[in-house]
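Here is a short briefing on one protein model. Look at the structure first, then read the points below.

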Amino acid sequence: MASVLVIEDDDRIRSSLVLALEDEGYTAYGAATAEDGLAHQQAQPADTVLVDLMLPGLDGYECIRELRRHDDVPVVVVSARSDTHDIVAGLEAGADDYLVKPVAIKELTARLRALRRRTRPTGQAAPTLSFGDLQIRPLAGEVTRNGARIALTRTEFRLLCELAQHAGLVLSRQQLLERVWEYEYGDERLVDVHVGRLRAKIEDEPGNPRHLVTVRGLGYKLQR
Amino acid sequence: MRRAGLRTRVTAGFAAGALAISAAVALLSYDLTRRTLLAGRERSATRAAFFDANVARAGLAADNPDVVEVLRNLDIGSTRRAVVRRNGQWYARNADAGVTAAIPAALQQRVGNNQFAVQRVHTDTGMALAIGIPLGDGTQFYVLDSLDELDQTMRVLSLVLTLVAAGTTAAGAALGAYASRRVLRPLTTVAEAARDISAGDLNARLDTAGDPDLKQLTTSFNDMVDQLANRIERDRRFAADVSHELRSPLQTLAAAASVLHHRRDQLDDRTARAADLVTDEVGRFQALVTDLLELARADQPPERSPVDVAELARRVCHSRHLPDDLVTITPDHQTTWLVDPRRFEQVLANLLDNAARYGGAPVAVRLGSASGLRYLEVDDEGPGVPPQDRQAIFDRFVRGRTASARGEADGTGLGLALVAQHVNAHGGRVFVTDRPGGGARFRVELPPDTP
């Protein structure tokens, strides 16, 4: 049974989300502060974490960065903030997806299912896709640069694989949203921020990328 | 009548002033010159007349002199004509009757009384000086000295002075136009700043380091903009706070309603019906709050990026289970537009939802360009929108008549208001017309992308 950790300081929202998620068949845990949530995740790791941005003590952004330090557990921001800079900051901190309150439970569970499907495969005899100094083994779930392993979140990895499997072709933001996030249509900022995060990890000069380039007006493509 | 502008009035004022001054100077100098020249001319004419009179007196001193012969012997130019009246009889060099007629009776009277007299007279050939000198023995000597030459000079002078006055007036007008433009230039700057501000640029300020005479204007203008910006920021923050305050309880309601919905089977009939009402209303409340918040932010400038609107339109149709072939594009039309993707999507989505709610269903979505504008049209085959409602439907909380009459107002009443705000933010407009063949046609027009 999939488990979800809900880090939310509002008691009513937290308990209603836990109730609703349990009804949908999840094992749900609640934490009122980032510190409690992080401790819980250490002791009893959940499959997915929902985080509010405004938390007492350690805030949501710090909480996401702290979670990312340990593993690549999918993190979804559920926040009342809907301004672009809040969304981008949440994603840049390392979140995989961003939902604005009030989010319908149906929508939330759809997102959780999509995230679960984005698990990292662990095959051994995997083909290697080479992009200059970059080696991608989609089935092994591994990316190396000059032989050194690069730590990517699941979403970053799926995004890189999607681009690598269509090497040299331009994929639009909407295509990437559909294929990586399984959004029928959604917020293109998700793609942009994840591309930025990927570049920071795989490019020598993230500001002047060599592999993952923007094709103005069309989308992104991965090249050698 | 419309009042003339400040610039026109200043220019006219300068021109009138220049005209008054130059006309006064011209008249004065004309008069002075004329007097001086005339006085000089009178003196020389008198001197010459006395000389001629002496010659004539000498000639007439003989016994029984031939007066005409005496006159003929006078060395007299073509501009002067001499006559003699002797014992009531006129004598002239030639038979020119006009001369005697031109000498006024008053002058003759005075000369007859043995007095020297000068008078300016009009003759058939122009202005002249009539000079009368008594020669004694009932004989008077008259000279009619033409002032034609002087007249000519004065005419030239008056022409020159008129031209100078006209030139001065024109120069005054030009100076006025220049000065008013210069003086009004800071106002133009203010107008430009005000325009920038109303276009949403709250960072526009006037340069306070400029003209010290304008410091008060620039300072108070900048203060006003500061206050305005503060107020807008306060409003924005208020909207954000309200947003947060509404979103949080709504999240609880949404989650709790989902639990109720999920366990509907375990409820008795009445409770289940109540639970359904709660669930439905929470959904509507949610949509309302989302739209309200969107509306509160809608005056912000759009975050433009190149968007393939044809693809976006098909996607939005697809997500509403509408056939893809609903969307048609003008042949050869470039479908990549520079718009805010989120807001443009909402425009289309709201128009489609509106068509579904009040017009049965959307029957066509058209994208294209005509006469320099890019357009988006959404058609439905519903009852259409009566002309008196065509403006009001874009106001907040106005719903279609048929819907409210049937009590089916399930929309938030903000959909078309949001469409209008988003389109305005893009510098375009939206309006509704009749669709040929029945129904409504909503048309969004956007100006071309500025590169």
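The points below cover a charged surface patch and a set of paired strands.

This is a predicted model: local features need pLDDT of at least 70, side-chain atom pairs count only at pLDDT 80 or more, and totals for chains, interfaces and linings use all residues. Residues are numbered from 1 along each chain as its sequence is written, chains are lettered from A and ligands numbered from 1 in the order in which they are written, and side-chain values use heavy atoms, without hydrogens and water.

**Positive patch, chain B**
- A patch of positive charge on the surface gathers B:Arg7, B:Arg181, B:Arg182 and B:Arg185.
- Patch residues have over 30% relative accessible area and no salt bridge, with like charges joined within 9 Å.
- A salt bridge puts a side-chain nitrogen of Lys or Arg within 4 Å of a carboxyl oxygen of Asp or Glu.
- Helix H5 (residues 148-198) of chain B gives the largest share of the patch, three residues.
- Helices are DSSP runs of H or I with at least four residues; strands are E runs of at least two.
- B:Arg181 lies in this helix, H5 of chain B.
- B:Arg181 is partly exposed, at 46% relative accessible area; partly exposed lies between buried (under 20%) and exposed (over 50%), with a 1.4 Å probe and protein chains only.

**Paired strands, chain A**
- Strands S7 (residues 134-137) and S8 (residues 142-145) of chain A run antiparallel, joined by four bridges.
- Strands pair if DSSP finds at least two bridges between them.
- A:Ile136 has A:Val143 in S8(A) as its bridge partner.
- Four residues lie between S7(A) and S8(A) in their hairpin, where A:Gly141 takes a positive phi near 65 degrees.
- Two bridges join S8(A) to the antiparallel strand S9 (residues 148-149) of chain A.
- A:Arg149 in S9(A) stands opposite A:Thr144.

Technical notes. Patches are made of residues with over 30% relative accessible area and no salt bridge: like charges are joined within 9 Å, nonpolar side chains (Val, Leu, Ile, Met, Phe, Trp, Tyr) within 5 Å. Accessible areas come from the Shrake-Rupley method with a 1.4 Å probe; for residues, only the protein chains shown count as cover. Lys and Arg count as positive and Asp and Glu as negative; His and the chain ends are not counted. The place of a charge is taken as NZ of Lys, CZ of Arg, CG of Asp or CD of Glu.
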